Amino acid sequence: MIAKVIVDVPSKSVDFKFDYLVPDKLEEFIQVGVRVIVPFGPRTIQGYVMDIQSQPSDDIDIQKLKEIKEVQDIRPELTPELIQLSEWLSYSHVSKSISVLEAMLPSAIKAKYTKVFEVVKHNDIEEELLKYFDSKGHYKYKEAQKIIIYRY
């Protein structure tokens, strides 16, 4: 599976979709509109999945593609309609794609925070899962993601 990703670099020279391999362990989590962490040159940055293809284009050497490192969202932050609108705005107003996308997203998405799962009703959760939650009933999303990925 190949994900077409717009990287979070506000430069016209990289204002297009980059192809990334979706590792098997992340396939069920990758959706159009989610934020992902990807390698980009010597660094690791955030990007947005704009499209997903089951097979690469004929002109792409799959051996040269890098893998997505992490999925940041449980649900996509961008709907297909917002993605379509962002592409139209970027084209018609000669704007960088990442700038248009970031203008569409609420500032809370861009803030630094820690996502957690929270237990609402202890009786509804199996005892085996409760061991992962702290004393406040919180389980960090990043920790949950690691456990799910290591099982596969």
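Trainee: Where is serine 97 found?

Mentor: Serine 97 sits in helix α2, which covers residues 97–104. Keep in mind that this model is predicted.

Trainee: Is serine 97 buried or exposed?

Mentor: Relative accessibility decides that, and under 20% means buried. Serine 97 has 16%, so it counts as buried.

Trainee: Which residues does serine 97 touch?

Mentor: Leave out residues up to four places away in sequence. Then serine 97 touches Ile6, Asp15 and Ser90. With serine 90 there is a polar contact: the two side chains are joined at 3.4 Å.

Trainee: Now the nonpolar cores. What is the general idea?

Mentor: In soluble globular proteins, nonpolar side chains tend to be buried together. Here the largest nonpolar core has 20 residues. Those with the most contacts inside it are Val7, Tyr20, Ile30, Val36, Phe40, Ile68 and Val71. Strands β1 (2–7), β2 (18–21), β3 (35–40) and β4 (43–53) each give two or more residues to this core. Another core, of eight residues, lies apart from it, with Ile6, Met50, Ile98 and Leu105 among its members.

Trainee: Take tyrosine 20. Is it buried or exposed?

Mentor: Apply the cut-off again. Tyrosine 20 has 4% relative accessibility, so it counts as buried. It is found in strand β2.

Trainee: Which residues does tyrosine 20 touch?

Mentor: Again, set aside residues up to four places away in sequence. The list for tyrosine 20 includes Met1, Val7, Val38, Pro39, Phe40 and Ile68. For methionine 1, compare sequence and space. Methionine 1 and tyrosine 20 are 19 residues apart along the chain, with their C-alpha atoms separated by 8.6 Å.

Trainee: How do I read the whole chain?

Mentor: Start with the elements. The chain has five helices and seven strands. From the N terminus, they run β-β-β-β-β-α-α-α-β-α-β-α. Then ask about sequence range. Of the contacts with a separation of 6 or more, 64% are between residues 24 or more positions apart.

Trainee: How many of the 152 residues are buried, as a percentage?

Mentor: Buried residues make up 38%. The accessible surface comes to about 10,000 Å², and carbon and sulfur atoms account for 52% of that surface.

Definitions and conventions
Residues numbered from 1 in each chain as written. Predicted model: local features only at pLDDT ≥ 70, side-chain atom pairs only at ≥ 80, totals over all residues. Heavy atoms only, no water. Core = buried A, V, L, I, M, F, W, Y, C linked by side-chain atoms within 4.5 Å. Buried < 20%, exposed > 50% of the residue type's maximum accessible area, 1.4 Å probe, protein only. Helix = DSSP H or I, 4+ residues; strand = E, 2+ residues; numbered from the N terminus. Contact = heavy atoms within 4.5 Å. Areas by Shrake-Rupley, 256 points an atom, 1.4 Å probe, with all protein chains shown as cover. Polar contact = N/O pair within 3.5 Å; in protein donor to acceptor, adjacent residues only side chain to side chain.
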